[in-house]
Amino acid sequence: MINLVAALGEQLLQRLALMGQALLMLLQSLKVLPGKHGIARLTQQLYVVGVQSLIIMLVSALFIGMVLGLQGYTLLSAYGSEQAVGQMVALTLVRELSPVVAALLFAGRAGSALTAEIGLMKATEQLASLEMFGVDPLHRIVAPRFLAGLICLPLLVAIFSLVGIYGGYIVAVDWLGVYSGSYWGNMQQAVDFGEDVVNGMIKALVFAFVVSWIALYQGYSCVPTSQGISTATTRTVVYSSLAILGFDFILTALMFGGA
Amino acid sequence: MAVNGIIEIHNLSFFRGKRAIFKDIDVSIAAGKITAIMGPSGTGKTTLLRLIGGQLQPHQGEVQLFGKNIAQLNRRQLNQLRSRMGVLFQSGALFTDLTVFENVAFPLREHTQLNDQQLHDRVLLKLEAVGLRGARELMPSHLSGGMARRVALARAVALEPEIILYDEPFSGQDPIAMAVLQRLIKDLNDEMQLTSVLVSHDIAEACAIADRVILLGEGRVLAHDTPEALQTSPDPAVRQFMHGEADGVIPFHFPAPPLAAELLCDNASVADKQGGLL
C-alpha cells in the first residue's frame, strides 16, 4: 500500500517536473521579442503552419456544413420549423464545431509536422550546432513556430465557420428548398457577436496555445532517434486531441453553462 | 593550479543517471596542436566534447576555456567564447533549409557586420579551401556524406576560430573522403594556427595527424601521450585498443551470469520467461 502511494507520488512528481520544463521552454522562447529577421521567420512559419493547412480546413468545413444542413433539415422539418436550419448550422459551427474540429485537424496536420521537424533537427544536431554558434534555438526555432500557431488557428477557425455556413446553405437552400431569406435572417437574429462569435474565437485561441505548445515541447524534448521522433509525433496528436476536447468542455461550461 | 593549456579540465565528474561517464578526470589540451581523444564507443568521447563546448555542465569539477571557467559565464559571455570555437558535428549538422552558401554564411551573419560583398568573398574562400566552391548553390540533401562534412568544416572555420572540435570526422567515410578530411584537418591546423581537438575511434587516421592522443576508458584517462608512445605502450588496456584486439582487459562480453548457469537452469523457468515475453 505504502509502495503504491509512493509510486503514485513519484509519477505525479515526474509529470509536474515535465510540465515545469515545458513551461520554462515556452517562457524562455518568448523572452525576447522577434526583431527584423524574426518577422521574416514568422512570416515563413505563417505560410507553413497556416496557408498549407488551408486545403484540409476548407474541404472539411464544406462537408461538415453540408452534413449539418442535411441533418438539421431532417430533424427540424419533423416539427415544421425547417426555416430555422440557418441558425442551427451557424450556432453549431461558431460555438462548437469550428474551434474543435479545426483544432483537431490542426493538431494532425500542423502539430505533428512541427514535432517531427524539430525532432529531426535535434536528431541531426542542428539544434546543438545553432547553440554552438551562439544562437538560442528556443528563440530562433521554437518562438516563431509558436507565434505562427497562435495566429493561424483562430484565423483558420473563422474561415472554417464561413465555409461551413456556406456548405449548409448549399444543402438547405439550393437542394432542399429552404427559403434563402429565412436561412440568413434567422441566423442574423440568433447569432450574437459577443456571446457566440467572440466565445468561439476565445476557444480557438486557447486551443491554438495548447496545440502549439504541446507540439513544440514534444519535438524539442524528444529522444533523438527514429523511434523517439515517432513516439513524440504520436504524443502530439494524442495529447493535443485530449486537451482540445477537455478544454472545450471546461470552456463551454464557463461560457454557456448555467444561467 | 597553474593554467597552461588552452583547454583545461580539472577533477571533472559527469553522470548519466547513476552511471558515471567520467570519474574525476584531468585533461590539459595544448594550444596549436592536434589532440585526438580516442577510446571505445560509449566511453563518453562526444560527451567530453559537449562539456568542452559548454552544452553540458559537469556534476563536479570544472572546464576552463582560454583560462575561463565556463560554468561561471553568463549566456552572453559563453556565446562570445563559443564564437572563438568551431565545432564539426558527427552528422555535419548542416541546416537543411539553407543552401551550402547560406550555411557557411550563417555564423558570419550572426557574429560579424560584414557587408554582402565581404561576406560573399569570405564564404567563397572558405568553400574553396574545402574544394566545394562549385557546390555553393546546392542544398544539403544533394550532398554526399563526405561533401556535407566538408561544407560543415568550411562553416566551422568561417569565423576563423582559435579552437576547433571535431566529433568523429572520419566515421562512415570512404577512403578518399577520409584522406581528404585528414588533409584538411592537418592543413587548417597548421595554416590557421588552430588548436584542434578530434574525437575518433579510427586509430590509424587519427594517429597519422595527431600530435597528442588522450585515451579514455572506464570513465578515466587511460593514457595521454604521443601516438608513437601509445603504439608501444605496455599497458594492456592501451595495447588492446591501439591494436584492435577483440577481447582483453576491456571484455568482449556484456556483463551476464555465467553461461553454464543460464543453459542448465530447469526448463520450466525458461518456458515461463518465454511465455512472459510473448
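Biologist: At what angle do helix 4 and helix 6 of chain A pack?

Modeller: Angles here run from 0 to 180 degrees between N-to-C directions, and in this predicted model helix 4 (residues 85–123) and helix 6 (residues 137–175) of chain A pack at about 145°, with their axes 7 Å apart. The crossing of these two helices of chain A is right-handed, and the residues of their contact divide into 20 nonpolar, six polar and one charged.

Biologist: How many residues does each chain bring to the contact between chain A and chain B?

Modeller: Chain B contributes 15 residues and chain A contributes 10 residues. On the side of chain B that touches chain A, helix 2 (75–82) and helix 3 (100–111) each supply at least two residues, and helix 3 of chain B gives the most, with four residues. That side of chain B comprises six nonpolar, seven polar and two charged residues.

Biologist: In what order do the strands of the open sheet in chain B lie?

Modeller: The six strands of chain B follow the order 6-7-8-3-9-10, with mixed pairing; strand 6 (85–88) and strand 10 (220–225) of chain B are the edge strands, each pairing on one side only, and the twist averages 15° from one strand to the next.

Biologist: In which sense do strand 3 and strand 9 of chain B pair, and which helix lies across them?

Modeller: Strand 3 (residues 34–38) and strand 9 (residues 212–217) of chain B pair in the parallel sense over four bridges, and the bridge partner of Thr35(B) in strand 9 is Arg212(B). Helix 1 (residues 45–52) of chain B lies across strand 3, strand 7 (163–167), strand 8 (195–200) and strand 9 of chain B, running at about 155° to strand 7.

Conventions. Residues are numbered from 1 along each chain as its sequence is written. Chains are lettered from A and ligands numbered from 1 in the order in which they are written. This is a predicted model: local features need pLDDT of at least 70, side-chain atom pairs count only at pLDDT 80 or more; totals for chains, interfaces and linings use all residues. A crossing is left-handed if the near helix is turned anticlockwise from the far one by less than a right angle, and right-handed if clockwise. Ala, Val, Leu, Ile, Met, Phe, Trp, Tyr, Cys and Pro count as nonpolar, Asp, Glu, Lys and Arg as charged, and the others, Gly among them, as polar. Two residues are in contact if their C-beta atoms, placed from the backbone, lie within 7 Å. Two strands pair if DSSP finds at least two bridges between them.
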